[in-house]
Amino acid sequence: MSIFWIFLTAVGLSMDSFAMAIALGLRNARFEWRRACKIGLFFGAFQGVMPIIGFFLGFQFYAYIASFAYWIAFLLLASIGGNMIREAFSSDAKTSCDSNDESFLALSSLSLATSIDAFAVGFSFACLRADIFISSLIIFFITFVLSFLGVKIGCICGEKYKSKAELAGGVILILTGLKILLEHYNFFLS
């Protein structure tokens with residue numbers, strides 16, 4: 001898997017965190033650097049660690065699934081992306097960010113909730129034999145930056161971009177999964 005596709009996957013994965021950071025940014029009209037860094041670090045750390053966990057669990061099972069690993073990667077990414085698209089059009093707002101609590105436990109819970117899909121992506125990286133440490137570092141960095149920006153955008157713009165971010169993330173993950181599948185069947189060169 002090339003750096004370009006890892007980068008796109010990282011952007012797709014970070015959209016839930018970005019949307020949540022926007023929601024957290026809505027709480028304060030005044031932007032605070034320290035608060036934005038704290039939120040970015042929480043989301044980035046969870047998004048960066050979860051693929052490693054998924055990778056090593058997936059790597060244990062690779063011998064059993066090697067013949068259909070590309071289909072697993074595609075289905076995981078497509079289902080995660082489809083769920084993100086569904087959530088973007090859902091009328092139900094995420095209630096987990098309604099509280100003003102930004103304690104360690106609250107931010108850990110939000111970070112875990114937004115990084116479950118990164119666990120599944122880590123499993124698909126194991127199927128693809130991707131370099132998990134470089135991939136996780138890219139995912140961490142992209143998520144940190146986008147979450148930081150999400151807090152800033154939330155302070156400035158409000159709820160307007162939350163669903164668009166989830167929609168974009170879902171589309172990116174589906175396209176990444178489709179690219180992996182088509183590349184496996186030599187539809188185009190990597």
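Val49, Ile53, Leu57, Phe61 and Tyr64 form a nonpolar surface patch of about 520 Å². Patches here take residues with over 30% relative accessible area and no salt bridge, joining nonpolar side chains (Val, Leu, Ile, Met, Phe, Trp, Tyr) within 5 Å and like charges within 9 Å. Please keep in mind that this is a predicted model, in which local features need pLDDT of at least 70 and side-chain atom pairs count only at pLDDT 80 or more, while totals for chains, interfaces and linings use all residues. Residues are numbered from 1 along each chain as its sequence is written, and side-chain values use heavy atoms, with hydrogens and water left out.

**Overall architecture**

- The protein has six helices and zero strands, running α-α-α-α-α-α from the N terminus on. Helices (H or I, at least four residues) and strands (E, at least two) are DSSP runs, numbered from the N terminus.
- Of the 190 residues in the protein, 49% are buried. Buried means under 20% relative accessible area, exposed means over 50%, and partly exposed lies in between (1.4 Å probe, protein chains only).
- Among contacts between residues at least 6 apart in sequence, 91% join residues at least 24 apart; a contact means heavy atoms within 4.5 Å.
- The accessible surface comes to about 9400 Å², with 70% of this belonging to carbon and sulfur atoms. Such areas come from the Shrake-Rupley method with a 1.4 Å probe, and for residues only the protein chains shown count as cover.

**Confidence**

- The mean pLDDT of the protein is 80, and 84% of its residues reach 70 or more; pLDDT is the predictor's confidence in each residue, from 0 to 100.
- Among the elements, helix 5 (residues 132–157) has the highest mean pLDDT (93) and helix 6 (residues 162–184) the lowest (74).
- Over residues 93–100 pLDDT stays under 50, and the model has 14 contacts beyond four places in sequence for them. Where pLDDT is low, the predicted coordinates should not be read in detail.

**Helix 2, inside and out**

- Arg35 lies in helix 2 (residues 33–65) and counts as buried because its relative accessibility is 9%.
- The side chain of Arg35 reaches the backbone oxygen of Leu24 at 2.5 Å, a polar contact (a pair of N or O atoms within 3.5 Å; within protein, one must be able to donate a hydrogen and the other to accept it, and residues adjacent in sequence count only if both atoms are side-chain atoms).
- Leaving aside residues up to four places away in sequence, Arg35 touches Leu24, Gly25, Arg27, Asn28, Glu102 and Val151.
- Ile39 is also placed in helix 2, and with 0% relative accessibility it counts as buried.
- Beyond four places in sequence, Ile39 touches Ala21, Leu24, Glu102, Leu107 and Val151.
- Val49, a member of the nonpolar patch, lies in helix 2 and counts as partly exposed because its relative accessibility is 43%.

**Helix 1**

- Met20 sits in helix 1 (residues 3–25) and, at 4% relative accessibility, counts as buried.
- Met20 and Ser147 are 127 residues apart in sequence and 8.0 Å apart in space, C-alpha to C-alpha.

**Salt bridge**

- The count comes to one salt bridge, defined as a side-chain nitrogen of Lys or Arg within 4 Å of a carboxyl oxygen of Asp or Glu.
- Glu32 pairs with Arg30 in a salt bridge, the closest N and O atoms being 3.4 Å apart.
- Glu32 is partly exposed at 28% relative accessible area, whereas Arg30 is exposed at 58%.
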